[in-house]
Amino acid sequence: MPDFAEPLARLINEFKRLPGIGQKSAQRLAFHVLRASREDAEHLAQAILDVKDKLGLCRVCNNISDRELCQFCSDTNRDPKVVCVVEEPHGILGIETTRQYEGRYHVLHGALSPLRGIGPDSLKIKSLVERIGQGGIEEVIVATNPTVEGEATAVYLARLLKPLGVKVSRIGMGVPVGSDLEFADEVTISKAMEGRREM
Amino acid sequence: MPTRVSEALVLRTYPLKEADLVVSFLTRDQGRLRGVAKRARRPKSAFGSGLERLSHVRMAYFQRETRELVNLDSCELIRSQFGLASDYWASVALDYFAEVAEQLLPSAEANEKFFRLMLAVLDFLRPVGGSDRANAGRVWRAVTYFSLWAVRLSGWLPELHVCLGCGSLLDDPGAEDGRPERAFFGRGRAGLICGHCNRLPGSGSSWELSAASRSTAAEMLRTPVAQISRTDWDQATAADLRRFLVQQIEAHVERKLVTAPLLEQRTLAP
């Protein structure tokens, strides 16, 4: 690495620690910050600090929030009887783009993955069970990713929650809209067939 | 045209950039390789479900001598393990197989016997719709068999009937009382020791490997996993043998396996 001035080298090293950022990208970002106005640099620095200082987890659903209750848990127009379980907070964004779901959420902050050392105790499962135990929830929609880890998490949750007397459903899996059946593999097609519906 | 097409088992994937994956996979003919699968996380990816853990695939990839990572072109699914995800403990076992394979096998060294071992245990674990108890038994049998053969194929399996300390036979048929000698193992020790050597000062903490587990190991070394005579397996069956084998693996890879303790925590979850 060429000898940059110490503050610039430090900034490059910090950017390199971000996911997906290598040496060249880090240099590009660092030089962008260097050329930017002081005001822009301060906005960036303040935004990073705010994320650390002002954000926490919603007391009820574990979504990221700047208040005790997130916007979904505090919205009285949402149906409290239906809870959609997602792996990560950004999973909520995907569901919200449909504008069709009006229930509430629960964020697990991961999926069961023994290979990554993530077992049931590492996820926000206990708070989900407690939430259901308080009553008022009739259906839990498990919207974990359609991966082996997501599926294992869904099955685990179903076995845990069904005895509590709630309906547990799984989001549909199968062929993406706009794709071609010819190129779908056997697992995708079989999941699509399993989840077929009457018309 | 891709340079090479290999039959492979996907061991593990790591996210890269926005939608790419780094894939660790075990090929039948080239050993363990790593490659980049571009756009693999997008819904309309050419890889489909082929990059899920332990998917059995035909992987097409470009390989350059100067680069460690190959470029994955596509994969054709031969057999998916997605159905096993409905059994959480089978799923943990699959992660265990993948972790052990990734830790034990050196990069780019063909090891067809290990590849066949993995196919054999995956075949054995295929869901057959039995009871929870029967399915659990299959998981323990497969995990024990895999661990034993993984250590054996890596060349680290010690003699299970000889004391490492004094060289005496642990299963001496001519023993006075006709009973096999007790055998013990410990962390950092490459084999078993007899009761006498275990009592010597400085032998450290140890666990007993029962004669029944030694007998099970001997049978596993000469019999396919599906034909092991004992069928009523549970978590306690050959637990000491699994502990011994996991210790052997951890000693040689010089790190703890993350999946092994999760597997043995089975009783704590539904």
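How far apart are the mean positions of the positive and negative charges of chain A? They are 2 Å apart, for 26 positive and 28 negative charges. Lys and Arg count as positive, Asp and Glu as negative, while His and the chain ends are not counted. Each charge is placed at NZ of Lys, CZ of Arg, CG of Asp or CD of Glu.

Some housekeeping. This is a predicted model, where local features need pLDDT of at least 70 and side-chain atom pairs 80 or more, while totals for chains, interfaces and linings use all residues. Residues are numbered from 1 along each chain as written, chains are lettered from A and ligands numbered from 1 in the order written, and side-chain values use heavy atoms, without hydrogens or water.

Now the fold. Chain A has 7 helices and 6 strands; these are DSSP runs numbered from the N terminus, H or I of at least four residues for helices, E of at least two for strands. The radius of gyration is 22 Å, well over the 16 Å that the globule rule gives for 199 residues, so chain A is more spread out than a compact globule. That radius is taken over C-alpha atoms, and the rule is 2.2 Å times the number of residues to the power 0.38.

Last, helix 4, residues 89-96 of chain A. Its buried residues are A:Pro89, A:Ile92 and A:Ile95. A:His90 and A:Leu93 are exposed, on the face turned away. Buried means under 20% relative accessible area, exposed over 50%, partly exposed in between, with a 1.4 Å probe and protein chains only.
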